[in-house]
Amino acid sequence: MLSSWSLFLVALACMALLFLVAWAGERRPLGDRHPRLHAWLYSLSLAVYCTSWTFYGAVGTAASNGWAYLPIYLGPMLVMLLGYGVLRRIAEVSREHRITSIADYMAHRYGRSHAIAVLVTVAAVVGAVPYIALQLKGILTSMDVLSGGAGSTVPAPGGVALWLALVLAAFTMAFGTRSLDASEHQRGLIWAVAFESVLKLVAFLAVGVFAVATLGGGAGLFDLLQNDPGYLERFSPWRLPEGFGMQIVLAMTAILCLPRQFHVAVVEFRDERDLAFARWLFPAYLMVFAVLVLPIALAGLTQFSGQDVHPDTYMLALPIAFDREALTVLAFLGGFSAASGMVIVATVALAIMVSNDIVMPLLLRSGMVSGGSETDLSQTLLRVRRISIFAIT
């Protein structure tokens, strides 16, 4: 077990590294001078789709309900591979008209209706804020698992959740509102999100390979699926859970309609070559997760059979059970990256919508903010966005 303080410091160290990566991305925008590198950054930023549920919960779902975990991966893969033309058209139209959010896009499609923009913004905030809270809860739960229930009891004023939220809000305000570029490009933010995507992929891959090894390699995994009646029934290719197809459809819409996904895929879109590269890299990224969920779930079911270990914690419980401290810390960092990346990008996207479509129009109509100079309005808008980020987080 790791101490609560050590886990708290590991999380803070990870955030400090993110600050450094984002700062370097802002100061030295190599992606602007090297198109291939920018294509990688753009593709990896799409993996903000993989939240703490994808990192922890998919394994728990597979252990409990077999193939029920697959739709969350298959939906985006199908959109990227088969719906590429639609996504490209949305991105090109948004770039042409300088669309800055999903609310802005929907308003544009309906005659620039401000009422539509407000409705979409309110719906997005109502839907996203509880999910942001779940990401913070996921971080605290993982700390509890690793510290034997003491992860959220660090003697800090306000508790761990408050300090994590404040650090995430500070990072988002620092690198998500640095400029008011008409297209809202945030280089440092994208560098940080891409780095987190690599970190959670490496962590998931490491635990997945370890799980395969505990099962006796690929042959052992195959034998387990073939010979154990319980596993054979649960993971039979002919036994799909009820609602499997509808869940795929919902996942397909999520990759287009979630505010954070629209932001990274459409608002941050610059060149068709980036999207063409992401069309194959992002599905490959998701495929790694989808494939490795199975051995991790089976290794957990085998190792903890008859024990009171929740399937959602198998990602952490497996390394702990075999005293692999380095792998345990890596798994924690992967889950932390998955959760923090979602919180950061979601709050940026929501803050843009709230400021552009609700707060600034109200301030201008009420006379609290005059037309003034463009510089004054820009500074006011930046302040509104920072306050929005703080309030949402």
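The model is predicted. A search of the whole structure finds three cavities of 30 Å³ or more, and the largest pocket holds about 370 Å³ of space. Among the helix pairs described below, α5 passes α13 in a right-handed crossing, whereas the crossing of α10 and α16 is left-handed, and α15 likewise passes α16 in a left-handed crossing.

**The largest pocket**

- About 370 Å³ of space lies in the largest pocket, and of the 15 residues that line this pocket, Ser 52, Tyr 56, Leu 134, Gly 138 and Asp 312 are the closest to its centre.
- Helices α4 (52-65) and α8 (114-147) each supply at least two residues of the lining of the largest pocket, with α8 giving the most, namely eight residues.
- The lining of the largest pocket is made up, by class, of six nonpolar, seven polar and two charged residues.

**The second largest cavity**

- The second largest cavity contains about 60 Å³ of space, and its lining consists of Tyr 42, Leu 46, Met 80, Leu 87, Ile 255, Leu 256, Gln 261, Ala 265, Leu 275 and Phe 282.
- At least two residues of the lining of the second largest cavity come from each of α13 (244-257), α14 (259-267) and α15 (272-303).
- Nine nonpolar residues and one polar residue line the second largest cavity, and no charged residues are present in that lining.

**Helix α5 against helix α13**

- Helix α5 (residues 71-82) packs with α13 at an angle of about 55°, with their axes 7 Å apart, and that angle makes α5 oblique to α13.
- On the α5 side the contact is made by Pro 71, Ile 72, Leu 74, Gly 75, Pro 76, Leu 78 and Val 79, and on the α13 side by Phe 244, Gln 247, Ile 248, Ala 251, Met 252, Ile 255 and Leu 256.
- The contact of α5 with α13 divides into twelve nonpolar, two polar and no charged residues.

**Helix α10 against helix α16**

- Helix α10 (residues 187-214) and helix α16 (residues 314-321) pack at an angle of about 55°, with their axes 11 Å apart, and the two helices are therefore oblique to each other.
- Phe 204, Val 207, Phe 210 and Ala 211 of α10 make the contact with Met 315, Leu 318 and Pro 319 of α16.
- The contact of α10 with α16 comprises seven nonpolar residues, with no polar and no charged residues.

**Helix α15 against helix α16**

- The axes of α15 and α16 come within 10 Å and cross at roughly 55°, and α15 and α16 are therefore oblique to each other.
- In α15, Ile 296, Ala 297, Ala 299, Gly 300, Leu 301 and Gln 303 meet Tyr 314, Met 315, Leu 318 and Ala 321 in α16.
- By class, the contact of α15 with α16 has eight nonpolar and two polar residues, and no charged residues.
- Met 315 and Leu 318 of α16 belong to the contact with α15, and Met 315 and Leu 318 belong to the contact of α16 with α10 as well.

Key. Residues are numbered from 1 along each chain as its sequence is written. This is a predicted model: local features need pLDDT of at least 70, side-chain atom pairs count only at pLDDT 80 or more; totals for chains, interfaces and linings use all residues. Side-chain values use heavy atoms; hydrogens and water are left out. On a 1 Å grid over the protein atoms alone, a cavity is a set of points where a 1.4 Å probe fits but cannot get out, and a pocket is an open set with protein on both sides within 12 Å along at least five of seven lines; lining residues have an atom within 4 Å of a point. Grid points are joined across faces, edges and corners, and a volume is the space filled by probe spheres set on the points. Helices (H or I, at least four residues) and strands (E, at least two) are DSSP runs, numbered from the N terminus. Ala, Val, Leu, Ile, Met, Phe, Trp, Tyr, Cys and Pro count as nonpolar, Asp, Glu, Lys and Arg as charged, and the others, Gly among them, as polar. Axes are lines fitted to C-alpha atoms, for helices over the stretch in contact, and angles run from 0 to 180 degrees between N-to-C directions. Angles under 35 degrees count as roughly parallel, over 145 as roughly antiparallel, 65 to 115 as roughly perpendicular and the rest as oblique. A crossing is left-handed if the near helix is turned anticlockwise from the far one by less than a right angle, and right-handed if clockwise. Contact means heavy atoms within 4.5 Å.
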